[in-house]
Amino acid sequence: MAVREIVGKEKIDTLIENRAGFSAKLTELTSGKATEFGLKLISADIKDIMFPGEMKKAFAQVVKAQKDGQAALEKARGETAALRSLANAARMMDDNPNLLQLRALQALADSGGNTLVFGNAERFYSTG
């Protein structure tokens, strides 16, 4: 009955995460009854908690929803960081237009086989 009293007052996730914390409560609640029978209760532990099938399914859905929510939050944080980085790059290019040309040259150098035209149309220089 003491176990039911403890378990009935707590949320499922709290029960699972803090089983060891409930041992002291269980010992406290049951030691008085044990003394009535001439016994000395040293400790009482909650080793395992088993739920009916429907509760297991519901709990699994809650855990999955929490993980999905955390994943979505982490994705949003990543997108925000990427946008912030792009905004900083755009500000830097506004302040110094040559950065855009340097970045274009860097991108061309990284990819092979491109032809790049500098200056007027009479002169052609190839990077490939």
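Student: Let's start with V63: how accessible is V63?
Tutor: V63 has a relative accessible area of 26%, so V63 counts as partly exposed. Keep in mind that this is a predicted model.

Student: Which helix is V63 in?
Tutor: V63 sits in helix α4.

Student: And how far is V63 from D13, in sequence and in space?
Tutor: In sequence, V63 and D13 are 50 residues apart, while their C-alpha atoms are 9.2 Å apart in space.

Student: Switching to charges. How many salt bridges does the structure hold?
Tutor: There are 3 salt bridges in the structure. In general, side chains of opposite charge can pair when their charged atoms come close.

Student: What does E54 pair with?
Tutor: E54 forms a salt bridge with K57, and the closest N and O atoms are 4.0 Å apart. Both E54 and K57 belong to helix α4, residues 53–95. They are 3 residues apart, about one turn of the helix.

Student: Are E54 and K57 buried or exposed?
Tutor: E54 is exposed, and K57 is exposed too.

Student: What about D68, which residue is its salt-bridge partner?
Tutor: That would be K64, with the closest N and O atoms 3.0 Å apart.

Student: Why are D68 and K64 separated by about one helical turn?
Tutor: Because D68 and K64 are 4 residues apart in helix α4.

Student: Which residue meets R77 in a salt bridge?
Tutor: The side chain of R77 meets that of E74, at 3.6 Å from N to O. R77 and E74 are 3 residues apart in helix α4, so about one helical turn separates them.

Student: How accessible is R77?
Tutor: R77 has 49% relative accessibility. Exposed means over 50%, so R77 counts as partly exposed.

Student: New topic, helix packing. How do the axes of α1 and α3 cross?
Tutor: The axes of helix α1, residues 2–9, and α3 come within 9 Å and cross at roughly 140°. That makes α1 oblique to α3.

Student: Why oblique and not roughly antiparallel?
Tutor: Roughly antiparallel needs an angle over 145 degrees. The crossing is at roughly 140°, so α1 counts as oblique to α3.

Student: What's the handedness of the crossing?
Tutor: α1 passes α3 in a right-handed crossing.

Student: And which residues make the contact?
Tutor: From α1 there are A2, V3, E5 and I6, and from α3 there are F22, K25, L26, L29 and T30.

Student: How do those residues divide into nonpolar, polar and charged?
Tutor: The contact of α1 with α3 has 6 nonpolar residues, 1 polar and 2 charged.

Student: Staying with α3, is S23 buried or exposed?
Tutor: S23, which lies in helix α3, is buried, with a relative accessible area of 11%.

Student: What is S23 in contact with?
Tutor: Leaving aside neighbours within four places in sequence, S23 is in contact with A44, D45 and I46.

Student: And T27, where is T27 found?
Tutor: T27 is in helix α3, residues 19–36.

Student: Why does T27 count as buried?
Tutor: Buried means under 20% relative accessible area. T27 has a relative accessible area of 17%, so T27 is buried.

Student: Last one: what does T27 touch?
Tutor: Not counting residues up to four places away in sequence, T27 touches L41, I42, S43 and A44. A44 is also one of the residues in contact with S23.

Definitions and conventions:
Residues numbered from 1 in each chain as written. Predicted model: local features only at pLDDT ≥ 70, side-chain atom pairs only at ≥ 80, totals over all residues. Heavy atoms only, no water. Helix = DSSP H or I, 4+ residues; strand = E, 2+ residues; numbered from the N terminus. Buried < 20%, exposed > 50% of the residue type's maximum accessible area, 1.4 Å probe, protein only. Contact = heavy atoms within 4.5 Å. Axes fitted to C-alpha atoms, helices over the stretch in contact; angles between N-to-C directions. Parallel < 35°, antiparallel > 145°, perpendicular 65-115°, else oblique. Left-handed = near helix turned anticlockwise from the far one by under 90°. Nonpolar A, V, L, I, M, F, W, Y, C, P; charged D, E, K, R; others polar.
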